[in-house]
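Please look over the structure below before reading my points.

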Amino acid sequence: MASAVITAPATREDGLIQELGYEDHFHEHHHGDKYQSNFISHYIFSQDHKMIAKQFLITGMMWAIIGGLMSLVFRMQLGFPEESLAWLKPFLGKWISVNSDGVGSLTQDFYYALVTMHGTILVFFVLTAGLSGTFSNLLIPLMIGARDMASPLLNMMSYWFFFLSGMVMFASLFLSTGPFAGGWVAYPPLSALPQAMDGSGAGMTLWTISLVLFVFSVLLGGINYITTVLNLRTKGMSMWRLPLPIWAFFVTAILGLLSFPVLTSAFFLMMLDRGIGTSFYLSDIYIGGQALDHVGGSPILYQHLFWFLGHPEVYIIILPAMGIVSEVLSVNARKPIFGYKAMVFSILAIGFLSFIVWAHHMFMSGVNPFISNFFVIFTLIIAVPSAVKVFNWIATLYGGNVRFNPASLFGIGFVSMFISGGLTGIWLGNSTLDIQLHDTYFVVAHFHIVMGVAAFFGMYAGVYHWFPKMYGRFMNETLGKFHFWGTLIGAYCVFWPMHYIGMAGVPRRYYRFDTFQSFSHFDSLNKFITIAAVITFGFQLLFVINFFYSIWKGRKLTTPNPYNANTLEWTTPVEVGHGNWPGKLPAVQRWAYDYGKDGREFISQVEPIGPDESPEH
Amino acid sequence: METVVKQQVDIATRRNKIHPKKLALWVGLVSLTMMFTALTSAYIVRRAAGNWLEFSIPSIFYINTLVIVGSSLTLHAAFAAFKREAGGAYKAWLSITFLLGFAFVIMQYLGWEQLAAEGVPLTINPSGDFIYAISGLHAAHVLAGIAVLGVALAMAFIRPLRVTPARKLRLELTMTYWHFVDVLWIYLIVFLSLQR
Ligand code: HEM
Ligand SMILES: [Cu+2]
């Protein structure tokens, strides 16, 4: 690759890197060509972090489409129980039952299976792997000034475990007994007793295998992210100079590493219960009047283990989105991020607190009310660092010369969603209020807004922003803005009404409401939600079209730093080769957020502090 | 091509004190620790709930503790011999470690049989089930360690002994893992004896 060494610096940043950069002799070995040469090693079993990021992203998108379509199917059944779904029979076969009047409806078992699959797929495959997997891989090496991840091989394996995990889950959709149907949290006894319901047999077995493979993927990825951030930062890149996304990915990886093994333990005991008849989670169960052998187990034990993962998991989903949004907002407001250190400490505080609040999911499961008090307090304390972050995002935008492009719009939308959903979290965090709200549509509204939609917004902000770095082209802005407004309005239309339904006590996970007197007056609201969901999904197709169209036909990126941003990924060439920088590694001279300092619009991280530069940020 | 990149990564990180692979292993061990922390916490929670069968830990488990601690010491001796480039001693100590590892797993199995014979077979009460589950999962991790030791052993007999940075690193990684399963067992046996 000697030819790639630049002789005349193309940009100011290139010049600075040549002058002050760090020579690691990377390009004296001719491995670059070998990396790119053949189709299989370039596109499929790639070990290059940028390609692996794209693999995570596109796989995540496929899963998002599948998971999203599932939700439309069960929403249509829920909103329009009297309309016929017989037209879905060609796709769903026996899962659609047609009655004597010719009205086809989703079978009840499959309704539950779809709800379960939707939750599992979105939480794990889309918002964990698709979000953290994509952006940790893409941005960690580029933003800290590394050639690649600490172990490219483990990194590749992380993707392939994820892929395999997805394939196993996909296969479970085709079982004659259907996939697992006991909810994404897989509480026993539905999960621990193979005979409990149709999906509890082979469906649950495949579900467990799939998730164990997924845990492997998360752990391999996480080990790599942590090691890379700690060990491969370029010269001058101290922890306090890390861009906020990197802090977020780093803490996310730590959370994953500490919490996912606990899920494995929970599954391990579950498999013993299912396979060899131990009684960790099962006790005093009667089937058809016959008592089962299982005695002495406790289903609550599983809930503890599950939520010890489950609560950190929701932050594993949201932290990367927070990091991405911080960066996107600062760049597009042309202002330093407000309260950088406060942002970092909030990330750390949220990470820490997320491990001691898990039982707020179990207030109504029969845990001791005095123990609940402890969890109420810590749950409410989480609102403090969350509020700090919200305040800082708004302060960053305030008075900024904001560029309203799809990325920054989604960033702003993220803040809006996070506020709406965070506030309802505070309601739910009170164990007394939770008596009314638990397991109702209020909870569904809470977590879809604060986690589902907000994390999607963070992901969209990231994709629109870094698309040029991934594919060397821009996505279409007009289409992107349509996508934003459609999604923002659509998502509020879908999830806002659910708060009211939930406050009235309508339980989640019910197959139909029209047969209950007390719920049937929500009929029209329910229909409205379903229609809004279909339309909102349609707007996501705009994104998918824009994405694939732009890969091949988008406006070309011509300069390395299109946004006039400070971070290191914009000092790489337009076409980033293996090793990321053609010559030396950049040496970092300052933090990432010098926007508008001393009257200069932006100052790249590779530029040394000038002699008469003002000392404060 | 993996190795070339690896060398480059090594060069780029020379200024760091800890090798990335060692750091990665440590990070991985933290996550394995969490797995066992979860199981022992579950044990405490379940025990506090009552309906708990009281029995004593099979004596073989205690003897076995000596076996696995011994294997850690012999592995250390092997490492010392490796650094001295004393081929014979290296092979001998490594083989002994390997055999002790095997002995540990077999004796764990005998321990389970003893437990069952004492009237605590699997699936009678979660109290016993936990012992099987926890020691079983631990044994699985020992087996993984034995597999790695097996590779090291095969290499010791195939290749002439030369201290290269790569081989030293591999041996150090192996050693870290093996000490980990050792210390883990000490934690588990102390935990199980105290939490009767
Ligand atoms: C101010 C911060 C927050 C508080 C106080 C809070 C509190 C709660 C509480 C108490 C519940 C249990 C409700 C019940 O089941 O009765 C809950 C559910 C949930 N929360 Fe939050 N939350 C907060 C933020 C978040 C964030 C940031 C996320 C994700 C990014 C999130 C995701 C979820 C999920 C997924 C569930 C429901 C899980 C399920 O049952 O399926 N929450 N939240
Ligand atoms: Cu929670």
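The numbered points below go from the ligand to the pocket and then to the cavities.

1. This is a predicted model, in which local features need pLDDT of at least 70, side-chain atom pairs count only at pLDDT 80 or more, and totals for chains, interfaces and linings use all residues. Residues are numbered from 1 along each chain as its sequence is written, chains are lettered from A and ligands numbered from 1 in the order in which they are written, and side-chain values use heavy atoms, leaving out hydrogens and water.

2. Ligand 1 has 22 residues around it, and the closest include Trp184(A) and Asp434(A); a residue counts as near if one of its heavy atoms lies within 4 Å. By class, this shell has 12 nonpolar, eight polar and two charged residues. Here Ala, Val, Leu, Ile, Met, Phe, Trp, Tyr, Cys and Pro count as nonpolar, Asp, Glu, Lys and Arg as charged, and the others, Gly among them, as polar.

3. Which protein atom is the donor to the iron atom of ligand 1? The single donor is NE2 of His446(A), 2.2 Å away. Donors are N, O and S atoms within 2.8 Å of the metal (3.2 Å for Na, K and Ca); water is not among the atoms, so sites may look incomplete. His446(A) belongs to helix α15 of chain A, where helices are DSSP runs (H or I, at least four residues) numbered from the N terminus. The copper ion, ligand 2, is 4.6 Å from this iron atom.

4. A polar side-chain atom of His438(A) is 2.6 Å from one oxygen atom, and for Arg508(A) the distance to an oxygen atom is 2.9 Å.

5. Ligand 1 takes the space of the second largest pocket, meaning that more than half of its atoms lie within 2 Å of the grid points. On a 1 Å grid over the protein atoms alone, a pocket is an open set with protein on both sides within 12 Å along at least five of seven lines, a cavity is a set of points where a 1.4 Å probe fits but cannot get out, and lining residues have an atom within 4 Å of a point. The pocket's volume is about 1,200 Å³, the space filled by probe spheres set on grid points joined across faces, edges and corners. Helix α13(A) gives the largest share of its lining, eight residues.

6. There are five cavities of 30 Å³ or more. The largest cavity has a volume of about 1,100 Å³, and α15(A) gives the most to its lining, with 12 residues.

How values were computed:
Polar contact = N/O pair within 3.5 Å; in protein donor to acceptor, adjacent residues only side chain to side chain. Helix = DSSP H or I, 4+ residues; strand = E, 2+ residues; numbered from the N terminus.
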